[in-house]
Amino acid sequence: MHVSTSTAAWIALAAAAVAVVSLVLLLACWLSLRRVRRAHNVLIGNGTDDLVDFAVALQTRIDELHRAVDGIRAGLDRLEGRVDATVSKTAIVRYDAYENSGGHQSASVAMLDTGRSGVVLSAIQGRDYARIYVKELDRGRASVALSPEEQEAVERAMAT
């Protein structure tokens with residue numbers, strides 16, 4: 001079989017075109033692979049680990065973070081309980097314990113925690129004497145009745 005020169009030229013041209021298209025596709029694949037490798041290195045770093053090892057290490061770090069957050073939460077809960085038990089509510093009420101004594105020389109001081117427990121101190125100032133009274137409150141209940149001024153000091157303290 002004898003092939004003419006023009007047919008051989010067309011076959012050569014078609015083969016050259018296929019070769020050029022193949023080279024262009026090869027270049028596009030190579031550039032795409034470079035982008036994927038760069039993204040892979042960003043994810044993993046330049047180490048030899050694969051993506052599964054990276055995911056396992058990441059999950060381990062996330063689990064450690066959860067444990068750390070749980071520890072911090074427990075510490076905050078303990079701290080909150082301690083803060084609630086501290087004296088954080090205070091108020092002073094000044095008044096005249098006796099008619100015509102003037103100057104609001106007597107005072108009641110309430111020092112309470114958030115649960116309405118603490119003490120109420122009252123200093124009653126007379127012309128010739130001063131008396132100091134201490135009354136304990138346990139969750140808002142006093143073992144000895146509170147005077148109106150002491151009750152006012154408790155209410156003001158709890159309002160702050």
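Contacts come first. In this protein, 38% of the contacts between residues at least 6 apart in sequence join residues at least 24 apart. A contact means heavy atoms within 4.5 Å. This is a predicted model: local features need pLDDT of at least 70, side-chain atom pairs count only at pLDDT 80 or more, and totals for chains, interfaces and linings use all residues. Residues are numbered from 1 along each chain as its sequence is written, and side-chain values use heavy atoms, with hydrogens and water left out.

**Overall form**

The protein has three helices and five strands. Its radius of gyration is 43 Å, well over the 15 Å that the globule rule gives for 160 residues, so the protein is more spread out than a compact globule. That radius is taken over C-alpha atoms, and the rule is 2.2 Å times the number of residues to the power 0.38. Along the principal axes, the C-alpha atoms fill a box of roughly 140 × 30 × 25 Å.

Read from the N terminus, the elements run α-α-β-β-β-β-β-α. Helices (H or I, at least four residues) and strands (E, at least two) are DSSP runs, numbered from the N terminus.

**Surface and charge**

Of the 160 residues, 14% are buried, meaning under 20% relative accessible area with a 1.4 Å probe, protein chains only. The accessible surface is about 12,300 Å², and 61% of it belongs to carbon and sulfur atoms. These areas come from the Shrake-Rupley method with a 1.4 Å probe.

There are 18 positive and 19 negative side chains. Lys and Arg count as positive, Asp and Glu as negative; His and the chain ends are not counted. The centres of the two sets lie 8 Å apart. Each charge is placed at NZ of Lys, CZ of Arg, CG of Asp or CD of Glu.

**Strand pairs**

Two strands pair if DSSP finds at least two bridges between them.

| Pair | Sense | Bridges |
|---|---|---|
| S2 (residues 106-112) and S3 (residues 118-125) | antiparallel | six |
| S3 and S4 (residues 130-138) | antiparallel | eight |
| S4 and S5 (residues 141-142) | antiparallel | two |

Take S2 and S3. Ala107 has Ala123 of S3 as its bridge partner. Five residues lie between the strands of this hairpin, and Arg116 takes a positive phi near 65 degrees.

S3 and S4 form a hairpin too, with four residues between them. Ile124 stands opposite Arg131 in S4. Val120 is bridged to Lys135 of S4.

The hairpin of S4 and S5 has two residues between its strands. Arg139, in the turn, has a positive phi of about 55 degrees. Asp138 has Arg141 of S5 as its bridge partner.

Key. Buried < 20%, exposed > 50% of the residue type's maximum accessible area, 1.4 Å probe, protein only.
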